[in-house]
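Open the model in your viewer and keep the selection tool handy. We will take a short walk through it, stop by stop.

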Amino acid sequence: MNGMELTTLLAAVVAGAAPVIFAAVGETVTERAGLINLSLDGSILLGAMAGFAAALYTGSVAAGFAAAAAVGAVVAAVVAVTGVYLGQSQVAVGFVLTLTCRDLAYFLGNPLSRVPGPQVSPLPVPGLADLPGVGEVLFRHNLVVYASIALVPVAWLLLYRTRWGLAVRAVGEHPAAAYARGVDPRRVQLACAVVGGLLVGLAGAAFSLAVKPGWGRPQGAEGMGWIALALVIFGGWHPAKVAVGAYLFSLLQVVGIPLQALLPSVPTQVFQVAPFPLMIFTLWLIHLTRSEAVERWAGDRAWAWRLVHALRASAPRALGKPLSRE
Amino acid sequence: MHIQLVDIHKRFGAVHANRGISLSVGAGTIHGVLGENGAGKSTLMKIVAGFLPKTSGEIRLDGEAVSYRGPADATRRGIGMLYQDPLDFPALTVLENFRFGLETAGRDPRALLADLAGRFGFDLPPDRVVERLTVGERQQLEILRLVARNVRTLILDEPTTGISATQKDVLFAALRRLADEGRSVILVSHKLEDVQVLCDRVTVLREGRVAGEAERPLRTNDLLGLMFGTVPHPPPRCENPAGTPVLRLDGVSAPGGRAGLRDCTVAIRRGEVVGLAGVEGSGQGVFLRVAAGMVRPRRGRVLFEDAPLGRRAAAGRVAFLPTDRLGEGLVPGLTVREHFVLRLPRVPFLLDRATAGPDARAGIDRLSIRGTPGTPVEALSGGNQQRLLLALLPERPAVLLLENPTRGLDLESAHGVWRELQRYCDAGTALVFSSPELDEILLAADRILVFHNGRMVLDTPASRTTPDELARAIAGLGTGAAA
Ligand SMILES: Nc1ncnc2c1ncn2[C@@H]1O[C@H](COP(=O)(O)OP(=O)(O)OP(=O)(O)O)[C@@H](O)[C@H]1O
Ligand SMILES: [Mg+2]
């Protein structure tokens, strides 16, 4: 593969990863506060549908993104309110919402199927877009992609370098202790769910208005919610590592296209489906760093020890266990 | 600050934990609250700190009746509490724990922390993750945080469980300073010695009521009488001639805890009672887990009756009781009876109320556990959880490994546990136990191993050592063997 093709491929990876980054980073924020929003897969589709519809009827892409974000935030708020305030199972509520949102999206979106609609226009960054290599990979995209790139450091900064982030992580670790210090853990969790949900909704619109423009059944965003949920776990609830996972997944999807040309005898479906099991395999490899055997092996090798510890992370301790009050 | 509690009641459903408690704590004094397990001490203190709402009664601060909506209100009025189950954030760093929820009025939290730590003589690396601190250091951090919040009343709920004698001295010195600065301190404990050296006045609680009050000088027998009705007697110690070696560690190094375990060689003999001393996390915990076959050594061998100890090899012959009862020992959510079901040699496919029912009732009777076969284990008090763990032990283990077996138990419950352990010892079981309490070790053990920083630095018969020598070894001084 020559240099020209490599940059095109990497550019496609960066663009394709955008929606997954929105969803996975959003879920990272939510889970860091100790709440699991399992409705991702459904909310993304509903967001995609709502975003496309709003953009179509108003003619404004921005309105589409706003509508999608609102949908994601509302669904997440339902999970938070029932889970944290009403003491219902977050997993059960989230799961039911996944299915409900998906069906709702297909049902309400039926009239929009295959209707041509607006989409986000490309916006090369003046000056930077012409840089050799980097220019094409990073700076000849649309605003959605730029936002997804910026989101990662912003999320990291907010979570690890601000008072708010400290409160979020503290609540996810030990809600009772946060309560003892005068912070209401339920409000923090609700807020994080809404912020996370906003991002999940944006992920939906990023599909239907940018990456896979239009609405249909299937839309193309199906399954992405589950991938995002898995990325959060294996990315150790850390925005940067989660984003690395998202780019990896995008890479697996993108390389299918040139590979298909190279190996014409293999059915095309293989290339479409392969990223999913490959992703699981990669995630499993990362997960191996937690095993005792690897630990012992790395114990005697300084570089391996550092690598293993960089890859490893533990869940927020109170994940899925909100403060119970009598 | 002058605190008055008037006729405080607290109900948890059917449990009436505080039944009309009145007490008064003067400004600038250290006030002790004593009582057996389950007397209602923690509940009362959580009410004062705003963590729990009271069912009825009145709290007066400097004569003014107050009502809180949550801990934030109590904090605003200058009340801070060190909780019995630490309410901190193990995965966050020292500095993050320190600054969370703290108004520093523009001061750099890092500098403030360093400042306060220096003032109290605490050594707390700001960027270390809190789970890597000892229990004592975690308490020190909480105390600094409360002082930084400028508390006028400091409540400490069982601050001396799980800390070493040295750490206790540091803590008590710090508390005296706070009292001298005019702050009030409420010290909750079931340990008489603590209260006797530190407190000006003591209130004793029993079954949710005030059983009595006492002032300096605080006499042991008076306090014991108020706490338990009678003065409990320590159980007789088990005198067994040590038999043949049953468990051997041969050059064992293993990871875990703060320091891991490094190059440990020792043989445990039948019928022996071995006490493991040392600052918490110096290797005792890893030692017990390696000996139990739960942690595989990185180097060296563990031999049980001269055969390598496999994960299953010594099943039923080597038993381990961890200190974290609900975390490692019992399954929260399951009832007492269900724990006995899990212990059956062959669990039947269909389970009903009768399965293991007789076992459970027999166990409850034998160890006088306050509970029924249907009680979920998390609803048992700490002492009763410990008794249940004992009831679940295999009939005749060859080696019984116990991590801090009387942690958090009042004197009477602790004696009850030791009485039960003597039974095993009389039957020839080797007992190996760790304890932060030198007194307990000297009382029960016939051989003492001292750990410092992952290494075993002293191995001595109990009859041929002194508290002084042990304290020096624990601190890593002298004895030549220290690295
Ligand atoms: N959240 C709760 N729900 C139900 N019962 C509770 C709760 N907290 C405490 N209790 C019960 O209230 C009683 C008093 O408990 P408390 O923790 O105040 O005792 P304590 O004196 O602090 O004992 P210990 O010495 O073991 O710490 C006990 O019977 C306990 O089981
Ligand atoms: Mg208590």
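Before you start clicking, keep in mind that this is a predicted model.

**Stop 1: the ligand and its shell**

Select ligand 1 and show the residues near it. Now colour by chain. Ligand 1 is surrounded by residues from chains A and B, so the site is shared between chains.

**Stop 2: polar atoms around the ligand**

For B:Thr43, a side-chain N or O atom is 2.5 Å from an oxygen atom of ligand 1. For B:Lys41, the corresponding distance from a side-chain N or O atom to a ligand oxygen is 2.8 Å. B:Gln84 places a polar side-chain atom 2.9 Å from an oxygen atom of ligand 1.

**Stop 3: where the chains meet**

Zoom out and select the contact between the two chains. Chain B brings 29 residues to this contact and chain A brings 19 residues. About 2,200 Å² is buried between chain B and chain A, with carbon and sulfur atoms giving 58% of that area. Pick out B:Phe89, B:Phe100 and B:Arg298: together they supply 28% of the area that chain B buries against chain A, more than any other three residues.

**Stop 4: charges and helices at the interface**

Now select A:Arg169 and B:Glu96. Their side chains form a salt bridge, with N to O at 2.7 Å. How many salt bridges does the rule find across the interface of chain B and chain A? There are 3. Polar contacts between the two chains involve 7 residue pairs, counting residues at pLDDT 80 or more.

Finally, show chain B as a cartoon. Helix H2 (71-76), helix H3 (94-99) and helix H5 (135-148) are the elements giving two or more residues to the side of chain B that touches chain A. H3(B) provides the largest share of that side, 3 residues. By class, this side of chain B has 13 nonpolar, 12 charged and 4 polar residues.

Methods: Residues numbered from 1 in each chain as written. Chains lettered and ligands numbered in written order. Predicted model: local features only at pLDDT ≥ 70, side-chain atom pairs only at ≥ 80, totals over all residues. Heavy atoms only, no water. Near = heavy atom within 4 Å. Polar contact = N/O pair within 3.5 Å; in protein donor to acceptor, adjacent residues only side chain to side chain. Contact = heavy atoms within 4.5 Å. Buried area = accessible area lost by both parts, 1.4 Å probe. Salt bridge = Lys/Arg side-chain N within 4 Å of Asp/Glu carboxyl O. Helix = DSSP H or I, 4+ residues; strand = E, 2+ residues; numbered from the N terminus. Nonpolar A, V, L, I, M, F, W, Y, C, P; charged D, E, K, R; others polar.
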